[in-house]
Amino acid sequence: MEGRILDHPILNFTRKKRVKIFFEGNEIEAYEGETVAVALHAAGIKVLRYTPINGRPAGLFCAVGKCSSCLMEIDGMPNVRSCMTKVKAGMQIRRQHEKGELV
Amino acid sequence: MMKHASVVVIGGGIVGSAIAFNLLRMGTKNVCVIEKSYVSSGSTGRCAGGIRQQWSSPMNVKLAMRSVKLFEEFEKDVGMDIEYYQGGYLLLAYTDSEVDDFEKNVRMQKSQGLDVEILTPNQIKEKFPFINVEGIKLGSWCQSDGHANPQLANIAYAIAIRKMGGEFLTHTTVTGIDVQNGQITGVQTDNGYINTEIVVDAAGFESPKIGSMIGVDIPVHGERHQILVTEAVNHFLDPLVINFNHNYYVRQTHHGSLMMGQGDANPASGEDLGNTIEFLEEMSEKMIKDFPLLKNIHIIRQWSGAYDMSPDAQPIIDESKDISRFIYATGFSGHGFMLAPAVGESVAEMIIHGRTITTDVSNLKMDRFTIGIEREHNVV
Amino acid sequence: MKEYDAVVIGGGPAGMAAAEVLGDQVKTLILDENDMLGGQLVKQTHKFFGDHAHYASTRGFEIANKFIDKIEKKPVDILTSSTVIGIYPQNTVAYVKDGHEDQVKYKKLIIATGAMERQLPFINSDLPGVYGAGAVQTLMNQYGIFPGKRFLIIGSGNIGLILAYQLAQTGVEVRAIVEALDKIGGYEVHANKAKRLGIPIFLKHTIIKAIGDESVQGAVIAEVDDKFNVIAGTEKEIVADTICISVGLMPITELAEQAKCKIVYIPELGGYVPVHDERMRTTNPDVFVAGDLSSIEEATTAMIEGKLAAMQIVEDVKKTDLEKEISNEIKTLAIFRSGPKSLKIRSGLEKMGIVTPQIEVPKFSPLPNSENGKLHAIIECTEEIPCNSCELACKFDAIKVGENINTPPVFDPLKCTGCAVCVTACPGLAIFMEKLDESPNATLGIPYEFLPLPKSNEKMWGMDRDGNYVCDLTVKRVVKNSNKTHIVYVELPKEFVDVVRHVTYPQKESPFVCRCEEITVDQIEKVIDSGITDFEEIKRITRVTMGPCGGKNCKMITLGIISRKTGIPISKLSHGTSRPPVKPVEFSAFLRGDKK
């Protein structure tokens, strides 16, 4: 499932200011207050990284910063927990394929 | 539990294991290792796993070089890949007196046949562009130095010992040693009794406790050292780097994590294996300054381990002249892991042949403390 | 413009066989649009059936190489990377090479342009990921890249069956083979090779649609009735990223039509085919056809047809008498086509006026097996297909096929010395080795063409003919052969020696316990099985709980596994020490003074 819920029988969703973020160089729709993982999920991007040993696609698991399944490279920093990082204008997000690259 | 052992080794850390392994390999039967907790629970399992040959006395260099030869054969001899990596060791000098020491040491080490060389700050920068060389006057570099995984090494020995017919008891505490007419007759544990005439005390910073069971005084005490590990990143750091002046060492493991530590100004006793936040603060400042690329890397875990310190920071390997036959190998002061294979070989020779054959360790006898002390300074 | 006595269009087995014969006799040119001769052979990694003269037991691409070697030694002009674009008046062949067009004139022409894949339209059959079987083979066998990871194959003819096996050899997953008929289209031995790998073959099924947005992500298949109508309610979804269409080939007749050859529609031969006589001459007396263009068959028949056409051309041009040789080839072709698998071809050819002489295939009567404690072969080939590779391979006369190579082989266990050469020669991988005596275990030898090659003392799983697990077994030794059909000898309980026909590494998919360090339940259990039951020691060997989450997500599960395996309640197990920081923190967070 992708996209954002517009109408809900019980809840009222109001979006805040729209923010421009970039995934692998492409612009993604995001709203202030959302985390990187949420914005990506709404855009249909569920594979957040590929595991270093087995190369398996991995994404969200606990969504609350307790598991390290959602690690991504954000603004050049590797191993960032995307479910805990709020979106910021101009943010550059990439999938990590191995372990973090420093050099 | 065997009823009668030809040798009981107290302490299942890397030194005790190496000794037992060599005894069995040299043909001794009925060897029993007694470990009070799980394999690698002591200092061995907590250390950073560095393996270097750059020491300041010829005999230490010889022992370390022999150890490296054995580490090179470890997988073949003991049967497990312990992530041994000869990525080198880089020691850094910041002061004139350090420079003098390094140059003196390198001359001596070279005369022992070690592949060591002096590096200028420019050469260091070229080899390792990510190091901040500000303030560095000199470096000493030995390619055949390296590191390994001490936990795997300890476990590898334990498995091999069992495979060769030896016994490796865990979660078993020695409660007493029986002596009759100056001759050892047996070892009491909380799990049973073993008859034996030969006991090896390889109990690390608790070796004095064992010694005191039979009235042997061992001048070793435990000093807590803290250590931390980061998340894994792609491999970029080959050598283990020691910075005596800034007081830290750092290396990158096979897994990709960075492991680092320092010497605390007022270290807690080895019994206290807790942690301080100051350690993380101090290490962070140092790391960010000297390795700027690590600024945003995450610390995953900190822990601590005890160095079994001797008065001159050198190991004590000897056999008691009063109680027959009580051998002790302790006081490794932070370099036990790297010397263990050679120590294991030498001590096993001492036990079987009455003297060492391969590497002379007579400079490590206990009587040096009455004769005169020369401290090993290259310690962090 | 250059003039040739004979021009051959198409460098596959038919064209090459023709050029080999023509080269010594008349001025010959052979053209092919690919950058090397060989046609479809270059993509084939399996051993071919047939007899000695027709490269039996040789792998397709090796046959191509041998042929090319032979032809290069003859005075034949070879033009590769040359696409023939048309046949023009006055016996002119026009072709394009390197962006330039050129022409040649022929006295006699052989068109051996082969066939192409039939299309099968279904919803989303245009998605990236739907390929013809040939395309998959090109990517995989010629260029060495994975066309995908999970395959669905439509069509159980020889091509689909061979493709399934070739894919499995590269290590990718073949989810299923789908066949609309109620029986497998290809040879039994090809089907068996795929079945014992566990690849299911859904008979009476067809594909309804492919699923996916940017490329294939799955497919829907369903059962069909005798009229090939979909039976509602039988739809199944299959996860796949590549769908291979191998529902048959059809001849490419364009050039033949341009050469004024009469074309007829004969479905038994593959569709529209040029009319020809038994010497492959078309209604245009100067034009011959050979290979899949004349009828969809095999490489062997293509080679013979190529030879026939060539010999007839030599007779035409040089007026030599080759009647004896031509009769021989026609007889050989008849023998090849005498089995039941060739019934369709024979009836198709009859419609064209070619009557294949009826040749009896002798009745098959296998000799009884004997358990004598010796290692001997077991031949599981009971279908009448034109092949005698096993007879050729056996130096001890233990295997008999006879003059009609469609006869299933008859095996004499008394003459068998256990040398196993037949096992490696059999293109169908249908021969196994067996040794039975009074002991509870038996020895079984299995032809093996996969990586990694098993090693002595390895524990593996024995699989039955349908690819189901039967028993655990141990590898005793592996005999490597230069033709890449190796033999794995295993020891297994004697009850299963007639049941096991394949070995695999234990492939239990194990769930991940530790996401940070990618440790599975299996890995932890293995360490416990080796005698290490202390949580701390297990942790240090496997790295479980040592990742960035600090063991929050995996420690309980690990303790549960230890408890289950050792019987010690969790409450009595040591559960390690908690160390700060409990969440990962960057070094820069500790800097005092300057804020980030």
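Helices, as named here, are DSSP runs of at least four residues, numbered from the N terminus. One such run in this predicted model is helix H5 (residues 188-195) of chain C, where C:Lys193 is located.

**Chain A: make-up and confidence**

- Chain A contains one helix and seven strands, and their order along the sequence is β-β-α-β-β-β-β-β.
- Of its 103 residues, 39% count as buried.
- When contacts in chain A are taken between residues at least 6 apart in sequence, 44% of them join residues at least 24 apart.
- The average pLDDT of chain A is 84, and 89% of the residues score at least 70.

- Helix H1 (residues 13-23) of chain C is mostly covered, with nine of its eleven residues buried.
- The buried residues are C:Pro13, C:Ala14, C:Gly15, C:Met16, C:Ala17, C:Ala18, C:Ala19, C:Leu22 and C:Gly23.
- The cover over these buried residues includes four strands of chain C, namely E1 (2-9), E2 (28-31), E3 (76-79) and E6 (100-111).
- Two helices of chain C, H2 (60-72) and H7 (299-318), are also included in that cover.

**Chain C: a buried lysine without a salt bridge**

- C:Lys193, in helix H5 of chain C, is buried yet has no salt bridge.
- Leaving out residues up to four places away in sequence, C:Lys193 touches C:His46, C:Tyr165, C:Pro427, C:Gly428 and C:Leu429.

**The interface of chain C and chain B**

- On the chain C side 25 residues are in contact with 35 residues of chain B.
- About 2,700 Å² of area is buried between chain C and chain B, and carbon and sulfur atoms give 60% of this.
- C:Arg540, C:Arg579 and C:Phe587 together supply 31% of the area that chain C buries against chain B, more than any other three residues.
- There are zero salt bridges between chain C and chain B, whereas 14 residue pairs are in polar contact across the interface.
- Helix H13 (535-542) and strand E31 (585-586) of chain C each supply at least two residues of the side that touches chain B.
- Helix H13 of chain C gives the most to that side, with four residues.

**Salt bridges**

- Over all chains, the whole structure has 40 salt bridges.
- In chain B, the side chains of B:Lys137 and B:Asp96 meet in a salt bridge at 3.7 Å, N to O.
- B:Lys137 lies in the loop between helix H5 (121-127) and strand E6 (138-142) of chain B, and B:Asp96 in helix H4 (residues 96-111) of chain B, so the pair ties together parts that are 41 residues apart in sequence.
- B:Lys137 counts as partly exposed at 40% relative accessibility, while B:Asp96, at 53%, counts as exposed.
- In chain C, a salt bridge of 3.4 Å, N to O, joins the side chains of C:Glu173 and C:Arg150.
- This pair links distant parts of the chain, with C:Glu173 in strand E10 (residues 173-179) of chain C and C:Arg150 in strand E9 (residues 150-154) of chain C, 23 residues apart.
- Both count as partly exposed, C:Glu173 at 35% relative accessibility and C:Arg150 at 34%.
- C:Lys539 forms a salt bridge with C:Glu536, the closest N and O atoms being 3.9 Å apart.
- C:Lys539 and C:Glu536 are three residues apart in helix H13 of chain C, which means that about one helical turn separates them.
- Both C:Lys539 and C:Glu536 are buried.
- Elsewhere in chain C, salt bridges that share partners join C:Lys108, C:Arg281, C:Asp286 and C:Asp316 into one network.

Conventions. Residues are numbered from 1 along each chain as its sequence is written. Chains are lettered from A and ligands numbered from 1 in the order in which they are written. This is a predicted model: local features need pLDDT of at least 70, side-chain atom pairs count only at pLDDT 80 or more; totals for chains, interfaces and linings use all residues. Side-chain values use heavy atoms; hydrogens and water are left out. pLDDT is the predictor's confidence in each residue, from 0 to 100. Buried means under 20% relative accessible area, exposed over 50%, partly exposed in between (1.4 Å probe, protein chains only). Contact means heavy atoms within 4.5 Å. Lys and Arg count as positive and Asp and Glu as negative; His and the chain ends are not counted. A salt bridge is a side-chain nitrogen of Lys or Arg within 4 Å of a carboxyl oxygen of Asp or Glu. Buried area is the accessible area (1.4 Å probe) that two parts lose on being put together, summed over both. A polar contact is a pair of N or O atoms within 3.5 Å; within protein, one must be able to donate a hydrogen and the other to accept it, and residues adjacent in sequence count only if both atoms are side-chain atoms.
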